[in-house]
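This report describes where two of the ligands sit and how some of the chains meet. The structure comes first, and the account follows it.

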Number of protein chains: 4
Amino acid sequence: MTEIGIGIIGGGYMGKAHAVAMSSVGAVFDTLLRPRLEMVCATTADRADQYRRAYGFARGTGDWRALVADPAVEAIIIAAPQELHCEIALAAFALGKPVLCEKPLGASLEDSHRMVEAAETSGAANMVAFNYIRTPASQFARKLIAGGEIGDLTWFRGEHTEDFYADPDAPATWRTQGMSNGTMGDLAPHMINAALALVGPIDEVMGAVETVHKTRPGTGGAQEVTNDDHAQIMCRFENGVMGHMYFSRIATGRKMGYAYEIMGTKGAIRFDQEDQNALWLYRAAGPEATRGFTRILTGPAHPDYLPFCQGPGHGTGYQDQIIIEARDFLTAIETGQPVWPCFRDGMHVNQIVAAAIASSAERRWRSVSSV
Amino acid sequence: MTEIGIGIIGGGYMGKAHAVAMSSVGAVFDTLLRPRLEMVCATTADRADQYRRAYGFARGTGDWRALVADPAVEAIIIAAPQELHCEIALAAFALGKPVLCEKPLGASLEDSHRMVEAAETSGAANMVAFNYIRTPASQFARKLIAGGEIGDLTWFRGEHTEDFYADPDAPATWRTQGMSNGTMGDLAPHMINAALALVGPIDEVMGAVETVHKTRPGTGGAQEVTNDDHAQIMCRFENGVMGHMYFSRIATGRKMGYAYEIMGTKGAIRFDQEDQNALWLYRAAGPEATRGFTRILTGPAHPDYLPFCQGPGHGTGYQDQIIIEARDFLTAIETGQPVWPCFRDGMHVNQIVAAAIASSAERRWRSVSSV
Amino acid sequence: MTEIGIGIIGGGYMGKAHAVAMSSVGAVFDTLLRPRLEMVCATTADRADQYRRAYGFARGTGDWRALVADPAVEAIIIAAPQELHCEIALAAFALGKPVLCEKPLGASLEDSHRMVEAAETSGAANMVAFNYIRTPASQFARKLIAGGEIGDLTWFRGEHTEDFYADPDAPATWRTQGMSNGTMGDLAPHMINAALALVGPIDEVMGAVETVHKTRPGTGGAQEVTNDDHAQIMCRFENGVMGHMYFSRIATGRKMGYAYEIMGTKGAIRFDQEDQNALWLYRAAGPEATRGFTRILTGPAHPDYLPFCQGPGHGTGYQDQIIIEARDFLTAIETGQPVWPCFRDGMHVNQIVAAAIASSAERRWRSVSSV
Amino acid sequence: MTEIGIGIIGGGYMGKAHAVAMSSVGAVFDTLLRPRLEMVCATTADRADQYRRAYGFARGTGDWRALVADPAVEAIIIAAPQELHCEIALAAFALGKPVLCEKPLGASLEDSHRMVEAAETSGAANMVAFNYIRTPASQFARKLIAGGEIGDLTWFRGEHTEDFYADPDAPATWRTQGMSNGTMGDLAPHMINAALALVGPIDEVMGAVETVHKTRPGTGGAQEVTNDDHAQIMCRFENGVMGHMYFSRIATGRKMGYAYEIMGTKGAIRFDQEDQNALWLYRAAGPEATRGFTRILTGPAHPDYLPFCQGPGHGTGYQDQIIIEARDFLTAIETGQPVWPCFRDGMHVNQIVAAAIASSAERRWRSVSSV
Ligand SMILES: NC(=O)C1=CN([C@@H]2O[C@H](COP(=O)(O)OP(=O)(O)OC[C@H]3O[C@@H](n4cnc5c(N)ncnc54)[C@H](O)[C@@H]3O)[C@@H](O)[C@H]2O)C=CC1
Ligand SMILES: NC(=O)C1=CN([C@@H]2O[C@H](COP(=O)(O)OP(=O)(O)OC[C@H]3O[C@@H](n4cnc5c(N)ncnc54)[C@H](O)[C@@H]3O)[C@@H](O)[C@H]2O)C=CC1
Ligand SMILES: NC(=O)C1=CN([C@@H]2O[C@H](COP(=O)(O)OP(=O)(O)OC[C@H]3O[C@@H](n4cnc5c(N)ncnc54)[C@H](O)[C@@H]3O)[C@@H](O)[C@H]2O)C=CC1
Ligand SMILES: NC(=O)C1=CN([C@@H]2O[C@H](COP(=O)(O)OP(=O)(O)OC[C@H]3O[C@@H](n4cnc5c(N)ncnc54)[C@H](O)[C@@H]3O)[C@@H](O)[C@H]2O)C=CC1
C-alpha cells in the first residue's frame, strides 16, 4: 500500500465527484495505491481554498500550472471546462504525470490529436472519464455481448438525452456558446463511447445537428445560441451493424436519458440510466411461452458491484461510477498498463463527433476516417 | 337503424378481425348502420366456405369479382395481400361501393395513386385500415398534442418493431419477396401514419434500408431475400420538427413495438403498444420535485373507451381497435363525409415509403414531393 | 352449428358486455353453438327496448320472469344486481335452463347455498362470471403453477383495488348500502376466486373489514354507509401456504388493481390487471447473473390468445375476457360437462367472504368450514 | 472543522459500509466534524488488522472493550451481530461516548430497554442505523405525507422481502438460529421503522410468523431452524389507519424488496427500493383524463440528493444512504441534539416485533403497549 498525491483541477460538479471518489476508493476497492488529496485548483485562490476545506485537500491554488508542477502532485485529474483540457494535459505529460481527463477529451478534434500524441510520447497513464459505461449493468452488458449471449448484433440504438435546456426561456450562458459545449460536443461523447464499447468501431455516419432555439434571453436582450440543442446520427459499424444515436439537451422529461438497446440474432439488451441498477435481457431460447425481457437487478454477480454492497438489488449510484473509474485510474498508474478508455479511445469519440457535424453540414454520409 | 351488407375479401389474420369487428360493432357503438355479414372471399370456394361457417357469413366465394359485384354486398373490406388491393378497390369504386382497405394502401406508389383517383372519382367512402392509431391512448395523445398540452413539438421518435424474422434460419416465404412485403412496405406504414397524425406532414427523409439476412432457407437450398429486414429514416416535418423512425422484423424481443415519443417545449408523451392501455405524459409545470412521467391508464375519460367498458384501467385490446375502425367506416358510409385516414392519406404514407427507399439507394436526403 | 337463444337480464355495465360477447364469440372461437340474441330484460319495458335496439336483441321485456319462461330463451345470463341473482337462478333451473350468473354468486351465503342446490338438482349448466381469471396471462399463470414451474408454493398475495369511492365526498348510493355491495361483497370475490384457482382451497382466515368513511353526502344531508370501504384478510390454504388479500374501493390511484404475486421454492409469478397482457415470471435457475423477473407478453403461445390475434404482444382487453367466458358457457351447455367455476365454486367464494367478515367482527381466526 | 476519532466494531458487510461512509462524508456534506478512521475491531486481532489496512484505519483490535475505552476513539459504530449490541452500547455510554448502532437496536426487547436507559442516562448522541428510510426518495415521501399532499391516510402496505433463503436446500447457519436473526428479528425492523416514520405510531398488531422450511442441511445432517422464514402483520396505527406488512427471506425473485404503498384521500405514494431513485406519486386532482401515477426521479430538488450529484436522475445508491446516515450521526454529536431515529425510536421498533411474535403465538390481536 503506497500513498499517491492527487491533484484535481476544478472543484465544481465533477471536481467534487472526483474528490469524493478519491477519498473512498481505497476503502471500497482495497487498492494498492492510496490517494492523498494533495491539491485542488479553481479559477481563484479563494475558491480553491473553499474547495480545499470542503473536500479535505491539503492545499488549494488558483493556478493550475502550479498544481501540475507541484512535486507532491503525482497524478492529475482534469475537471475543468473542455477548452482547458488540452493545455493542462500537455503540461502534465511533459512532466510524465498520469492524467485522468474529463470528457470530452479535447474541445476540438485537433486538441484531441495533440493530447493523444503527448500522452503516448510521455508513456504516462492516461484515461478519459466516461463514467457511465462503468456501472455494473453496462459492464455486464458488454460482457454478455462479448460472450456471444445475444448472438450476432443486428441493431444498435443509443441516446443521451437530458432536458436542462428544454425551456426556450432558459437563459443563454457559456453552455450555449461554442460547439464543444453543445449537445454533440458535451453530451454525445458518453453514448458514442458506449456504442464503441458495446458494438465496435464506427465506419461512417450521417448526422443531423440542430439548434432548435436559435436565441435565448441574455443580459441585454436575446442572445444568439451558437451550438446545438439536439442531434441525431445514423451510423454503420465496422462489423456491418447499423445504428442510430440521438442526443439532446431539450428532451423534455428526460433527466438522465443515457439509454441503449442492442439487438442480436439470439437476444437483445435494453438499458436506461434512469433505472441504472437494472439490465433488461431477452434471449431467444426456450419455449416461446416463457420468453420475454428479463429485468436483471445488479448484484454481487455483476462486475464491480460487490465492493459496494454484499446484497443484490441494493444498488449503486452516480458517485459509485466515479469510484470505479478512480480504481481503474489507480490501476493504470500502478501497473503501467493502458486502461480503457485511454486518450486514443477518447480521440476516436471526438472523431465521430466531428464527422457527424461535418456530415450534417454537407447533408451526406461521411466516413469517420475522413475527418 | 339500417342493415348494410358487408363483403370481406380475405379470411386470414385480418379478414377474421374485420368479420369479428363487424359482428360486434353495432352492439358496442350502437351504430345507425348495422352490418350483416353477407359474403366472404378466399382463394378457393372451399376455403371461403370454411370462413363463412366459422365467422358466420351468409355466403362465401372463391372469386373476389363476384363478391364485389354482388348487389347484396354494399360495402367492401379488402383484407387480401397488398398486390390485390388496387385491382379490387378499382372494381369496387367502379360500382360506387365504399371500401375499407387494409394497409398499405397500394403495393406500390403507382397503385396508390390509381386508387386515390378511383376513390375520389367515385365519391364513395374510402378508408385505410391503420388501426393502431385508433387505440384510446393514441387518440388521446393526438388530442393532447393538438390541444397544445406539450407545447411546440421539438422531436419525434417512432418505431414499429417485431421479431418474427429475427431468427436467421426462419425460412423464406412470400414475406421475403417483394418490396411491399418487406419492412418498409409492410410494417413502416403504420408508424408513418402515426407520425403524420401526431406531428403533421413530412417534407423530407433520409433513409437507410437494409436486408440483414441476405438468404434464408428455402425449398431446395438457400433462397435470396428480395426485401428489407429493417430500415431507419431521419425526417423533417413541415412544421420544422426533426424526427426519426425505425422499422424492423428482426427486432429480437419486440413483439408489437409500435412505440413513439414526442417532445415539446412544455411536455412530452411516450407510448408503447406493448402496454397499449397506458400513455405516459410529462408536463413541465408545477414544482420540479413532483415532475415526472405520469402513467395514465386509459378509461372512460379517453376517446372511444367507454363503449368497451365502464371501468377505467380495465383495458381494451387489439380486436377493439378494429371495432373502432369499423365504427368509423360505417360513419363514413352513413354520413357521406370523408373519414381519416382516407385513401389520399394512405397514399401519402406510401409516398414517404417510396422516398425513403429512394433516399437509401442514393444515400442522400430526398424530399417527399420528389417521388 | 346450432343456434341457441340467449336471454340476458340486465343491460347495464355487464349486460352490455355479455351482449357484445354473445355477438362475437361464434366468429372468434368458431363455436358449435351459435348465440342468437333473443331477449333482454331491464327494470322497465322501455329501458329494455333501448337495450334491445342498441345491442341487437330480437325482443325486450321489463319482466325477468317472462324472459326466463320464454321458450325461445334457451340460456340465461344474470347481469342484474346481486339481490336478484338467487331468485332468477332458481326460476331458470326450475325450467332446466343453463345459467351464467354474474359475481358474486348470491347476495348472501344462504342465497348461494340455495343456488348451488337448485343448479345441481336441475343438472343444467351453471357458471359464475369470474372473468378476470380468464385472461391469457392468468390462465397461463395457473398452468405454470400446476406444472410445477415455480416449485412448491410458499406465499400468496392478492388484491382487488379500485378507487371509485376514494373521494370522501363521493355521494351515498345503493353501492354504499348492504354488505353484498361493499368491498367484501362486491370486489373481493374476483380475487378470492383467483386465490382458489391459483393456490387451492382456503382453510382459515383472519379478516379486518372496515368502513373508513362512515357517512357520505346523501340527498338531505349526510347518510350512513352500511358496508365496507376496504378489507384485508390473512389466510391459510389447505396445502399449508400462507397468504394475504386486500380489497378496496378507496385505493386512490388504483383503477383495476386486480393483482397477485405468488412465490414458490423454484420461482415466482407477478401479475397486475392494469398491465393485463404481461405476466412476470422469475425462475431460480441458471446463473445468478442472468436471473430476474421476465416480462412475458401474451401471444399465440398462451391460452385462448390466438383466436383474438395472430400476433404476439398485440394484446387482449376487458371485453375479450367476457368472450372467453361466453365460449366456456357455450361449451358447458353443449357438452353437458361442468365448467369451472360452477355455482359450487362460486359458493366457496361466498363462504370465504362470510368467514372473513365474521372473523373481523370477532377479531379472531375463523375456519372457512365454520360458516 | 474538527477531527473526530471513529471506532467501528465489526468490519464485515456493515462495518465496511460505515468505514467507507466515514471516509467520504466530510467531502460529500462539508461537515463540521471530520471523521478520522481511528480503530476497527473484529473477532481476532488478525482479522481486525486486515480490515485496518483495507479500509484505512489507524489501528485494529480483536477486543471491542479496548476500542470502546480508547481515548482516541470519540464515537462508536456498532456493526457487530445483534447479540453484542447491548453490551457494547452500555460500555460506550458508561464513558459518555456517542453510539451509532446497527439495526435492530437490541437482540431482544429487554436489551433494547436497557440500551435506551443507558443512552438517555448518559446524554450521549445515540442513533439506530435504519438507512433505507434515508434515501432521497423515502425522505421525500415523508415530506409529501407530512405536507398533506396525499390527504388523510387510509391505508399502508409495506414489505421487506429478500430471497437469500428461498432455496430449501440452502444450509443452516447462525442465521437460522435465534429469533433476532430470523425475518422478524433481522429484516422486519427496517420496514417497521419506515411505517412509523411515514404513518405514525402503531397501536396494535395481529401477526402470523412462520418457519416454512423447518430443517435445513447442516454439518452432519438436517438441522432444525429455530427462527422464522417469513411473517405478516396486520396493524392499526394510532391515527386510525389500517395497515399490513410482510417480511420474508424466502421471497423468491425479490432482492431488495423494501417497498411500500400509502393511500390517502387526495393521493397515493408507491416506492420500491429495487428502483430506489424513483418515487411514484398519484394525485387526485386535475382532469380525470390526465391522472395517473407519476414516476418522479430523484434529483437536486429532493432531500440530500444534491451533495451527491448536480444532475437529476443520475441517482444515488446503497452506500450513499450510509453516508447520509453518517452525516446525521455527526450532526447529532456536534449539536448535542437528538437525531431521529434515536435509541428510543429503535426500541419502539423492537416492541412491535415482540408484539407481533406474541400475537402470532396467541393467534389474537395484541396491543403494542402490552409487551
Ligand atoms: N462525466 C460526467 O458525467 C460529467 C463530466 N463533465 C465534464 O467535467 C468538466 C468540468 O465540468 P463541470 O464540473 O460540470 O464544471 P463546473 O463549472 O461545475 O466546474 C468547473 C471547475 O473548473 C474550474 N476552472 C475553470 N477555469 C479554470 C481555470 N482556468 N483554472 C483552474 N480552474 C478552472 C472552476 O473553478 C470550477 O471549479 C467538463 O469537461 C465537463 O464536460 C461535467 C459534468 C458531468
Ligand atoms: N392492420 C393490421 O394490423 C394488419 C394488416 N395486415 C394487412 O392485411 C392484409 C391481409 O393480410 P393477412 O390477413 O395477414 O393475410 P392472410 O394470409 O392471413 O390472409 C389473406 C387472405 O386473403 C385471401 N386471398 C389471397 N389471395 C386472394 C385472391 N386472389 N382472391 C381472394 N382472396 C384471396 C386468402 O385466402 C386469405 O384469406 C394485407 O394487406 C396485410 O398487409 C396484416 C396483418 C395486420
Ligand atoms: N364481472 C365483472 O367484471 C363485473 C360484474 N358486475 C356484476 O354484474 C351485475 C350487474 O352489475 P352492473 O352491470 O354493474 O349493474 P348496472 O346497474 O350497470 O346494470 C344493472 C342492470 O340490471 C337491470 N335490473 C335491475 N333490477 C332489475 C329487475 N328487477 N329486473 C330486471 N332487470 C333489472 C337494470 O335495468 C340494469 O340494466 C352485478 O351482479 C355486479 O356485481 C358488475 C361489474 C363488473
Ligand atoms: N442496515 C443494513 O442495511 C444492514 C444491517 N446489518 C446489521 O449490521 C450488523 C452486522 O451485520 P453484518 O455486517 O452483516 O455482519 P458480518 O458478519 O458481515 O460482520 C460482523 C462483524 O462483526 C465482527 N464481530 C463479530 N463478533 C465480534 C466480537 N465478539 N467482537 C468484535 N467483533 C466481532 C466480525 O468480525 C465481523 O467483522 C448486524 O447487527 C446486522 O443486523 C447487516 C446488514 C445490512
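## Chain contacts and ligand shells

In this predicted model, the contact between chain D and chain B brings together 16 residues of chain D and 16 residues of chain B. About 1100 Å² is buried between these two chains, and carbon and sulfur atoms give 61% of that area. On the chain D side, the residues that lose the most area to chain B are D:Ala289, D:Thr290 and D:Thr294, which together make up 42% of what that side buries.

Chain D also meets chain A, in a contact that takes 41 residues from chain A and 41 residues from chain D. The area buried between chain A and chain D is about 3100 Å², with carbon and sulfur atoms giving 54% of it. In chain A, the greatest losses of area to chain D fall on A:Tyr13, A:Ala27 and A:His314, which together account for 19% of what that side buries.

Which residues come nearest to ligand 1? Of the 24 residues around this ligand, they are A:Gly11, A:Met14, A:Gln82, A:His85 and A:Asn131. Side chains take part in polar contacts as well: a polar side-chain atom of A:Asp186 lies 3.4 Å from an oxygen atom of ligand 1, and a polar side-chain atom of A:His190 lies 3.5 Å from a nitrogen atom of ligand 1. Taken alone, ligand 1 exposes 840 Å², and the protein buries 82% of that area.

The shell around ligand 1 receives at least two residues from each of helix H1 (13-29), helix H4 (82-94) and helix H7 (183-198) of chain A, and H4(A) supplies the largest share, three residues. Sorted by class, this shell holds 13 nonpolar, eight polar and three charged residues. Domain 1 (2-132) and domain 2 (135-339 + 348-362) of chain A each provide at least three residues of the shell.

Ligand 4 is surrounded by 24 residues, of which D:Gly11, D:Met14, D:Gln82, D:His85 and D:Asn131 are the closest.

| Backbone atom of | Atom of ligand 4 | Distance |
|---|---|---|
| D:Gly12 | oxygen | 3.2 Å |
| D:Tyr13 | oxygen | 2.9 Å |
| D:Thr43 | oxygen | 3.2 Å |

On its own, ligand 4 has 830 Å² of accessible area, and the protein covers 82% of it. Two or more residues of the shell around ligand 4 come from each of helix H1 (13-29), helix H4 (82-94) and helix H7 (183-198) of chain D, with the largest share, three residues, coming from H4(D). The class make-up of the shell around ligand 4 is 13 nonpolar, eight polar and three charged residues.

Technical notes
Residues are numbered from 1 along each chain as its sequence is written. Chains are lettered from A and ligands numbered from 1 in the order in which they are written. This is a predicted model: local features need pLDDT of at least 70, side-chain atom pairs count only at pLDDT 80 or more; totals for chains, interfaces and linings use all residues. Side-chain values use heavy atoms; hydrogens and water are left out. A residue is near a molecule or strand if one of its heavy atoms lies within 4 Å of it. A polar contact is a pair of N or O atoms within 3.5 Å; within protein, one must be able to donate a hydrogen and the other to accept it, and residues adjacent in sequence count only if both atoms are side-chain atoms. Accessible areas come from the Shrake-Rupley method with a 1.4 Å probe; for residues, only the protein chains shown count as cover. Helices (H or I, at least four residues) and strands (E, at least two) are DSSP runs, numbered from the N terminus. Ala, Val, Leu, Ile, Met, Phe, Trp, Tyr, Cys and Pro count as nonpolar, Asp, Glu, Lys and Arg as charged, and the others, Gly among them, as polar. Domain bounds come from an automatic or database domain assignment. Contact means heavy atoms within 4.5 Å. Buried area is the accessible area (1.4 Å probe) that two parts lose on being put together, summed over both.
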